[in-house]
Amino acid sequence: MVLQIFHYMKQIAVCLAVLLISACSSTPSQPESQAEQITHSEKAVTVALLGSTGMTGGFILQDLLTHGYKVRALARSPQKLDAMRNQITIVKGDATNPEAIRELLMGSDIIVSAIGPVKGDGLIAKTISTRTTKNIIDTMSTFSIERYIVVSGAAVTVPGDNRNMTGWLVQKSATLALRDTVKDKQAEYKLLAASEINWTLLRCPVISAEPFKEPAIESLASPSAFSLRAGELSRFIVELVASGNFSRQAPFLNSR
């Protein structure tokens with residue numbers, strides 16, 4: 001029985017690794033247009049977005065624009081956002097560089113990060129989340145920004161978790177396949193928890209390049225599935241920007 005469970009976890013781990021690497025390295029997909037526009041306030045809100053040239057970040061970028069938000073997007077390769085140049089402000093730079101983060105946050109009201117490890121970055125990829133979040137925490141107060149929304153992984157553990165079997169398998173298989181990434185994202189959570197800022201950490205399983213179908217399932221206890229559509233994640237983030245819910249909490253998200 002133990003050997004069967006281990007074999008099952010190993011198969012899941014391989015699938016998660018392949019899908020995650022694909023999600024991190026691909027170019028932004030174009031989600032279907034969203035239905036109703038979510039109102040926020042009469043004041044135009046500017047979102048500082050990290051990871052906008054990745055698959056997940058591409059969905060978030062499109063959804064923010066669809067719902068009337070202004071976007072300042074950080075990109076190491078600005079040419080990847082040429083098609084959006086007339087709709088957003090592009091800030092060239094690396095998230096691990098404090099000066100690039102400072103320029104990105106200037107004039108922003110809220111921060112959303114969908115940054116993740118890129119295979120070609122070598123050793124830097126092992127600490128990309130913690131280095132980025134430390135830079136952001138250190139800089140937010142300079143521009144009086146209070147809200148920080150972070151896309152993370154479902155393997156991250158926080159006090160109060162009560163994982164069911166699916167949640168346990170998600171955590172164990174991700175740790176087996178992506179040990180360095182899980183370690184980095186767990187350390188990122190600790191940085192957030194120790195800070196005084198208003199943060200929300202979104203714990204996601206494998207994110208697929210699919211548009212919105214129906215609202216994502218949310219839970220503070222355990223994920224109930226192994227996948228999440230990018231369009232449903234981006235819609236949830238837009239709603240968070242508008243509502244301010246889940247302050248200093250780390251909800252799990254997944255698709256039905």
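1. Accessible areas here come from the Shrake-Rupley method with a 1.4 Å probe. On that basis, the accessible surface of the protein comes to about 12300 Å². Carbon and sulfur atoms hold 53% of that surface. Keep in mind that this is a predicted model.

2. Start with the overall make-up. The protein has seven helices and 10 strands. It contains 256 residues, and 51% of them count as buried. Now take the contacts between residues at least 6 apart in sequence: 75% of these join residues at least 24 apart.

3. Two helix pairs deserve a look. Helix 2 covers residues 55-66, and helix 7 covers residues 230-243. Their axes come within 9 Å and cross at roughly 50°. The two helices are therefore oblique to each other. Helix 2 passes helix 7 in a right-handed crossing.

4. Which residues in helix 2 meet helix 7? On the helix 2 side they are M55, T56, F59, I60, D63 and L64. Their partners in helix 7 are A230, G231, L233, S234, R235, I237 and V238. By type, the residues of this contact divide into eight nonpolar, three polar and two charged.

5. S234 sits in helix 7. Is S234 buried or exposed? Its relative accessibility is 0%. Buried means under 20% relative accessible area, so S234 counts as buried. Leaving aside residues up to four places away in sequence, S234 touches F59, I60 and D63. F59, I60 and D63 belong to the helix 2 side of the contact with helix 7.

6. The second pair is helix 3 with helix 4. Helix 3 spans residues 98-105, and helix 4 spans residues 128-140. Their axes come within 9 Å, with a crossing angle of roughly 55°. That angle makes helix 3 oblique to helix 4. Helix 3 passes helix 4 in a right-handed crossing.

7. Now the residues where helix 3 and helix 4 meet. Helix 3 brings P98, I101, R102 and L105. Helix 4 brings N135, I136, T139 and M140. The residues of this contact divide into five nonpolar, two polar and one charged.

8. To recap the two pairs: helix 2 passes helix 7 in a right-handed crossing, and helix 3 passes helix 4 in a right-handed crossing. The crossing angle is roughly 50° for helix 2 and helix 7. For helix 3 and helix 4 the angle is roughly 55°.

How values were computed. Residues numbered from 1 in each chain as written. Predicted model: local features only at pLDDT ≥ 70, side-chain atom pairs only at ≥ 80, totals over all residues. Heavy atoms only, no water. Axes fitted to C-alpha atoms, helices over the stretch in contact; angles between N-to-C directions. Helix = DSSP H or I, 4+ residues; strand = E, 2+ residues; numbered from the N terminus. Parallel < 35°, antiparallel > 145°, perpendicular 65-115°, else oblique. Left-handed = near helix turned anticlockwise from the far one by under 90°. Contact = heavy atoms within 4.5 Å. Nonpolar A, V, L, I, M, F, W, Y, C, P; charged D, E, K, R; others polar. Buried < 20%, exposed > 50% of the residue type's maximum accessible area, 1.4 Å probe, protein only.
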